[in-house]
Amino acid sequence: MKGTRVEINLEALSYNYKQMRQLIPSEVKIAAVVKANAYGHDLFEVSKTFELLGVDYIGVANIGEAVSLRIAGIRVPILVMGKTFEEDYDLAVKYEITLTVFDLDDVRKLNLNASFDEKVTKVHLKFDTGFNRLGYKSADQLIEDLEEIESYEFIEVEGLFTHLALKDVDSDDSQFDQFNALLAKIREKGITIPIKHICDSIGTIAYPNRLYDMVRLGAVLYGYCSRKTPFDLMPVMRFKTNVAQVKTILPGEGVSYDYTFVADKVTKVATLPVGYADGVPRNLSGVGHVVIAGNKAPIIGLICMDQMMVDVSDLDEVAVGDEVILFDDQSPTLTELAKLSKTNRNELLSRIAIRVPRVILNGDEKPRVIRYLDRLSKTVEASK
Ligand SMILES: Cc1ncc(COP(=O)(O)O)c(C=O)c1O
């Protein structure tokens, strides 16, 4: 296939999952986090792969992601880790989606909604131990609400969780301590919550003895972790394009908007059909490089919305159609790009645009190409 695309290697995804599954005690469940289109890797392909591998839970950010997985046929329990607003409670009930809650009023309304269908809906209570994002700030309030929720006919409190800020060991310890203190109080009340969970990828690697009943893994399954893992991770995504045009410019000629690059010698320039709207961070302009036939080609001039230019003067032969690596597991790596563009890897992965086709590779299987825009146009067509 020619043109801008990402390749998704499902074998690498399975490998990372299986390695983590071996590392984590068998009684600890794994929630695979697939929010933001599975960190850009394709929500459905990734979730299906995890489902076939026997994952215990799937974690998403919002109800829309959860519902689309159910409609696509995913049967594994799904936890919405973010806020779900009242207007979507009927969807949660209908599609049997577990919600994160941290407000009694919300749970009351959810119970009412669930009662219409006479279907018990599962919730995980979120406790804020210091991240200061979502969750009960007060342990006493949480317990008071929990005692009331326990009496609700159509709500099952299946889980309780918090999220680590991962600033340093001391701050993590303080978060674990607060969580443990809350658990002790809940036990004193005689209440049992089956799935208690704290750790994400880094937490799981850093604190292997504090995994509770479940871990929530995202980055590590896609092949990345900022802590040393006991096995080598396999990056799942490769970002590629092909040369659109090759031209030679003379000393004094500028490239792209504002001429931030001006040639000081005769320069061979390759234009690539990919830009910041596809997910190449604009602040790689003038600092990053791509790889063509094993050779580095520096990015020159400002990266445009849909195109960018690279200096291929050092390459003997470059032709229209040649394959270009924007990132893969060799060079440049996603880690290098994240550093150069002053962001993290998750941001780069999750911002690969929907106009970029996903090429699904799975061992000997024939590659499959997912084009979201085709799906969108079919939906529009069907709604006419
Ligand atoms: C609540 C929660 N748990 C788990 C994760 C997974 O994190 P990671 O990708 O670092 O494993 C996320 C992702 O940001 C999250 O928001």
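This note goes through the overall build, the ligand site and a few backbone features of the structure.

1. Basis of the values. The model is predicted, so to speak of local features a pLDDT of at least 70 is needed, while side-chain atom pairs count only at pLDDT 80 or more and totals for chains, interfaces and linings use all residues. Residues are numbered from 1 along each chain as its sequence is written, and side-chain values use heavy atoms, with hydrogens and water left out.

2. Overall build. The secondary structure comes to 13 helices and 20 strands, where helices (H or I, at least four residues) and strands (E, at least two) are DSSP runs numbered from the N terminus. Taken along the principal axes, the C-alpha atoms fill a box of roughly 80 × 55 × 40 Å. Of the 384 residues, 53% count as buried, a class that means under 20% relative accessible area, with exposed set at over 50% and partly exposed in between (1.4 Å probe, protein chains only).

3. Ligand shell. There are 13 residues around the ligand, and those that come nearest are K35, Y39, S201, R216 and A219; a residue is near if one of its heavy atoms lies within 4 Å. The shell divides into five nonpolar, four polar and four charged residues, with Ala, Val, Leu, Ile, Met, Phe, Trp, Tyr, Cys and Pro counted as nonpolar, Asp, Glu, Lys and Arg as charged, and the others, Gly among them, as polar. Helix 2 (35–39) and strand 9 (214–217) each supply at least two residues of this shell.

4. Polar atoms and cover at the ligand. Polar side-chain atoms lie by oxygen atoms of the ligand at 2.5 Å for S201, 2.6 Å for Y39 and 3.3 Å for R133; the cut-off for a polar contact is a pair of N or O atoms within 3.5 Å. Taken alone the ligand exposes 390 Å², of which the protein buries 88%, the areas coming from the Shrake-Rupley method with a 1.4 Å probe.

5. Helix 3. This helix (residues 43–52) is mostly covered, since seven of its ten residues are buried, namely L43, E45, V46, S47, T49, F50 and E51. From C-alpha to C-alpha, E51 and I74 are 7.4 Å apart in space, although 23 residues separate them in sequence. Helix 3 is followed by G54, whose phi is positive, near 90°.

6. A36, which lies in helix 2, has a positive phi of about 50° although it is not a glycine, and A36 is partly exposed at a relative accessible area of 33%. K342 likewise has a positive phi, near 55°, in a residue other than glycine; K342 is placed in the loop between helix 11 and helix 12 (345–350) and is exposed, with a relative accessible area of 74%.

7. A cis peptide bond. The bond from S331 to P332 is cis, with omega near -15°, and P332 lies in the loop between strand 18 (323–327) and helix 11 (334–340).

Methods: Polar contact = N/O pair within 3.5 Å; in protein donor to acceptor, adjacent residues only side chain to side chain.
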